[in-house]
Amino acid sequence: MGETLAQKIIRAHLLHGDMTPGSEIALRIDQTLTQDATGTMAYLEFETMGIPRVKTELSVAYVDHNTLQSGFENADDHRYLRTVAEKHGIWFSRPGNGICHQVHLERFGKPGKTLIGSDSHTPTAGGIGMLAFGAGGMDVAVAMGGGAYYITMPRMFKVNLTGALRPYVTAKDISLELLRILSVKGGVGAIIEWGGPGIAELSVPERATITNMGTELGATTSVFPSDDVTRAFLAAEGREEDFVPLASDPDAQYDRVIDIDLSTLKPMIACPHSPDNVVPVETLAGTKVDQVCIGSCTNSSLFDMLKAAALLKGRTVAPGVSLSVSPGSKQVLTMLADCGALTDILSSGARLLECACGPCIGMGFSPNSGGVSLRTFNRNFLGRSGTKDAQVYLVSPETAVAAALTGMITDPQTLGPMPAVTLPERFRIDDSAMLPPAPADKADAVEVLRGPNIRPFPKSRPLPDELTAELVLKVGDNITTDHIMPAGAKILPYRSNIPKLSEFCFTVCDPSFPERAKAAGDGIIIGGSNYGQGSSREHAALVPMYLGIRCVVAKSFARIHAANLINAGILPLTFEDPKDYDMLQQGAKLRIDGIRAGMAAGRLTLTDTTTGFSCPVVCSLTERQQAILLAGGLLSYTKEHAL
């Protein structure tokens, strides 16, 4: 029986385990990336391992999240990242050079290679044929040290594309259509491979938009074949030697196959406050719009920007709309300037923002109170924009421009003929903002510079055999990492200061949570389905650990967050019967006995000592994960088991 593209890459990188879906496998990692909101913690963790030099083929530290410098904190983090990267063999992408996923696609992505990044949208690189995973910072630190990356062997999904996209229908609309079909939980435990004759007309940037949005499906990752389209993109970047043809076998077997006829698709829009709340744009036509944002790691490529510029040329943004444009990289911005497209954008009344994540993570350009904001981003979680009562919609660049010009949600197909946009055969290459590390023989002379906001990595505790703790918080379904550990300009500067960051933990759900958790000493959280969806930020596990959380019991978990909980030494459990969730109330004293034996057996009993109610809970952990928890987290485990 033939193999899928993902199975081929996994087999080539398999260090331990077998490729039976549901079993644990260990992969050799070729490349890593970090961004500054998660990178400081990842490198603090790497430093504690005592390994002088990274052992990957390539590791890159990007600065793209915390670029708003309203105090010393972000600037100090940038300085720390630059010096720690220089010392330990890591490339450093300076602030302003661009968004990590866009720049990595342009300058470093290689078909057939494995990549993990401390950002949940690392699967963007699947658009160039990489097997790329979002991961917690600890997993990235271990990989940089030469350790394996452990995942549960995924199932294989295939999306077959046929037909061709009509004008004004885009790769973003393909992604939104799949979210409509599968939901934000539909890809959990699966790798999504894209194929069929319809992919031949999709450029690498368009493919990257689709693999980027695969994260919102809960998928382990998404991947496209490496073909002539891939070769052309690499040649344009001056990297044709990195091309490797990759495809699945004709007789490969998939657990699920989804067929999408591109010719039937319409412009789509995700309504507040979930990426899978998708309807056709035409159904919301006429809704007043206050703000439009074009950019993010989803839609900030040169192709996206050229299309937006072509539609804005000679037109003016509606008086009641504020439009921002954020090119994805310095390369994109420079080429826009060279060809005159930047002038078309600015002449329309748009505001040019830095080549960074910016509004996507609440770092500036927040909407007005109660405002309607159309964004070409990947997430529209409540409050993520920085304005709690804003109504955020997710759209393509074409739909975004249509709204900016008319002042209301508008089907872009009503704008008239779509201007022809073609990509150049060669991109402008300028790697001056990409700083190489010091040579190995000069690394000892490099001083790592730390500011007062950079605190040591918090210490975790080994998991006891018996646990009695207060149920300090009970939350519902689809709790995101933004609920647990919010983003935004107010909070992001403290990403390397866990004590300060803890003041904001879960305050979106309950402002009193930090103080109550600290007062409880040991705490347990109860959650609903898909607990921890969204970002890969390990702070959503490290901060609860710092506040004394020892266990989270939920109906189900998002993949990366469950791994981050284990890495932080927090026990993740699921209800055997989801109805038992209703029987537990905040404030109760909960007890779990015989944890060591129960973990090995895969089943524990949770008892409410307040009411006497008890219920079985499932403990789906491998022997390695059990050992990590008993050691007190991944770093403690790694110190005990040399890489």
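I take two strands to pair if DSSP finds at least two bridges between them. Helices (H or I, at least four residues) and strands (E, at least two) are DSSP runs, numbered from the N terminus. The model is a predicted one, in which local features need pLDDT of at least 70 and side-chain atom pairs count only at pLDDT 80 or more, while totals for chains, interfaces and linings use all residues. Residues are numbered from 1 along each chain as its sequence is written, and side-chain values use heavy atoms, with hydrogens and water left out.

**Entry 1: the barrel**

I looked up the pairing of strand E26 (residues 603–608) with strand E27 (residues 614–618) and found it antiparallel, over five bridges. Leucine 606 faces cysteine 615 of E27. Both strands belong to a closed barrel of seven strands, in the order E21-E22-E23-E24-E27-E26-E25, with mixed pairing. From one strand to the next the twist averages 35°; for such angles, axes are lines fitted to C-alpha atoms, for helices over the stretch in contact, and the angles run from 0 to 180 degrees between N-to-C directions.

**Entry 2: the open sheet**

I then traced an open sheet of four strands, E11-E10-E9-E12, with parallel pairing. Its edge strands are E11 and strand E12 (256–261), each of which pairs on one side only. The twist here averages 20° from one strand to the next. Helix H6 (residues 171–182) packs on this sheet and touches strand E9 (155–162), E10 and E12; contact means heavy atoms within 4.5 Å. The direction of H6 makes about 135° with that of E12. E10 and E11 pair in the parallel sense over three bridges, and isoleucine 191 has threonine 221 in E11 as its bridge partner.

**Entry 3: aromatic pairs**

I counted rings of Phe, Tyr and Trp (its six-membered ring) as a pair if their centres lie within 6.5 Å; planes under 30 degrees apart count as stacked, over 60 as edge-to-face and the rest as tilted. The count comes to eight aromatic pairs. One of them is stacked: tryptophan 194 and phenylalanine 224, at 5.9 Å centre to centre with 10° between the planes. Tryptophan 194 lies in strand E10 (residues 190–195) and phenylalanine 224 in the loop between strand E11 (221–223) and helix H8 (228–236), so this pair ties together parts 30 residues apart in sequence. For accessibility, buried means under 20% relative accessible area, exposed over 50%, and partly exposed in between (1.4 Å probe, protein chains only). Tryptophan 194 is buried, at 2%, and phenylalanine 224 is buried, at 0%.

Tyrosine 531 and phenylalanine 557 form an edge-to-face pair, 5.8 Å centre to centre and 85° between the planes. This pair links distant parts of the chain, 26 residues apart: tyrosine 531 is in the loop between strand E22 (523–527) and helix H16 (539–546), and phenylalanine 557 is in the loop between strand E23 (549–554) and helix H17 (559–567). Tyrosine 531 counts as buried because its relative accessibility is 2%; phenylalanine 557 is buried at 14%.

**Entry 4: charges over rings**

I took a charge to sit over a ring if NZ of Lys or CZ of Arg is within 6 Å of the ring centre and within 35 degrees of the ring normal. The charged end of lysine 474 sits over the ring of tyrosine 581, 4.3 Å from its centre. The charged end of lysine 500 sits over the ring of tyrosine 494, at 5.5 Å from the centre.

**Entry 5: cysteines**

I searched for disulfides (pairs of cysteine sulfur atoms within 2.5 Å) and found zero. Cysteine 357 is buried, at 10%. For cysteine 505 the closest cysteine sulfur, in cysteine 509, is 9.3 Å away, also too far for a bond. Cysteine 505 is buried, at 0%.

**Entry 6: backbone and loops**

I noted a cis peptide bond between proline 272 and histidine 273, with omega about 0°. Histidine 273 lies in the loop between strand E13 (268–270) and strand E14 (278–280). Asparagine 478 has a positive phi, near 55°, in a residue other than glycine, and it is partly exposed, at 28%. Phenylalanine 506 has a positive phi near 60° and is buried, at 0%.
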